Amino acid sequence: KLSKRSGIPWVAEFRDLWMDNHYRQYGPIRNTLEGILERKTLKTASGFVTVSQPLADILKVKYPKPTEVITNGFDPDDYESGLTPDPGNPVRIVYTGSIYQGKRDPSPLLEAIGKLGAEKVNVTVDFYGERLALVGDLAEKYGCRENVQVYPSVSYEESLRIQQKADVLLLLLWNDPREKGVFTGKVFEYLGAKRPILVVGPEDNVASQTILERQAGTLMNEPGAIARQLLEWIKSKRENGMVPPPPADALKGFTREEQTRRLGEFLESIISEGRRGK
């Protein structure tokens, strides 16, 4: 209404999609009404913003309008300088978030730790967050309960400090084709922490592809392969006091300032297009 009254274009931003959000769990009546509402609302927009190319492609098919991908990001000022892993501790893997069995599931990593034999004492996994009751049961199942610690949720600031002091950061992705365009904000926190990332989940996901393309980590789902990688990290820490960090350019383009600049340029283009159309 404001756009129509003022003649100023408006842009719809989707950090998650509306009707095409696969987490929606509503009945046919609500879906029908919301589908009508979505079409009525978005037909007046001058453009769209969303977090990944797969989601942008969905929007472009439904509504052929200018669409820009603006990812989440991180702020370098949120991170403390000088925070690094303790060289005298075992390889410390950290996960911040929730656990969903059969979806975001740490079982391959825990099974891998259980396969390490005598080297098992040189790895720990710390989980911080909610819905983590399952973790202890899984650790018992795979014979690595003494390697796993579960902690309650912490503040955002504390979670960043914890991530910086980790040797490796764990990213769990849901192996579902509908997750292909889901770009969780955790990815950018992890990149900002400048620690290598172990991804457990599908390779054809925007988060996985970004981490692999930027050499910010590794993706593995087979416990045997993860166990071999753990032994490499153990050796590296034993010999060098650390697990090698990602390359410096792995962070390029993902600060909030850089993403906001791109958003500003897109909004300027929408304004210019509106002027030409008058």
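Author: Phe-14, Leu-17, Trp-18, Met-19, Asp-20, Glu-38, Leu-42, Leu-59, Lys-62 and Tyr-63 line the largest cavity (a set of points on a 1 Å grid over the protein atoms alone where a 1.4 Å probe fits but cannot get out; lining residues have an atom within 4 Å of a point). The model is predicted, so local features need pLDDT of at least 70 and side-chain atom pairs pLDDT 80 or more, while totals for chains, interfaces and linings use all residues. Residues are numbered from 1 along each chain as its sequence is written, and side-chain values use heavy atoms, without hydrogens and water.

The space in the largest cavity is about 30 Å³, a volume filled by probe spheres set on points joined across faces, edges and corners. The count of cavities of 30 Å³ or more comes to one. Helix H2 (28-42) and helix H3 (53-62) each contribute at least two residues to the lining of the largest cavity; helices are DSSP runs (H or I, at least four residues) numbered from the N terminus. This lining has seven nonpolar, no polar and three charged residues (nonpolar: Ala, Val, Leu, Ile, Met, Phe, Trp, Tyr, Cys, Pro; charged: Asp, Glu, Lys, Arg; polar: the others, Gly among them).

Elsewhere, helix H4 (residues 107-114) packs against helix H9 (residues 223-240) at an angle of about 60°, with axes 8 Å apart (lines fitted to C-alpha atoms over the stretch in contact; angles run from 0 to 180 degrees between N-to-C directions). From H4, Pro-108, Leu-109, Glu-111, Ala-112 and Ile-113 meet Pro-223, Ile-226, Ala-227 and Leu-230 of H9, contact being heavy atoms within 4.5 Å. By class, this contact of H4 with H9 has eight nonpolar, no polar and one charged residues.

Helix H6 (residues 156-164) and helix H7 (residues 186-193) pack at about 55°, their axes 9 Å apart, which makes H6 oblique to H7. The crossing of H6 and H7 is right-handed. Tyr-156, Ser-159, Leu-160, Gln-163 and Gln-164 of H6 contact Glu-189, Tyr-190 and Ala-193 of H7. The contact of H6 with H7 comprises four nonpolar, three polar and one charged residues.

Technical notes. Parallel < 35°, antiparallel > 145°, perpendicular 65-115°, else oblique. Left-handed = near helix turned anticlockwise from the far one by under 90°. 1 Å grid on protein atoms, 1.4 Å probe; cavity = no way out; pocket = protein on both sides within 12 Å on 5 of 7 lines; lining within 4 Å.
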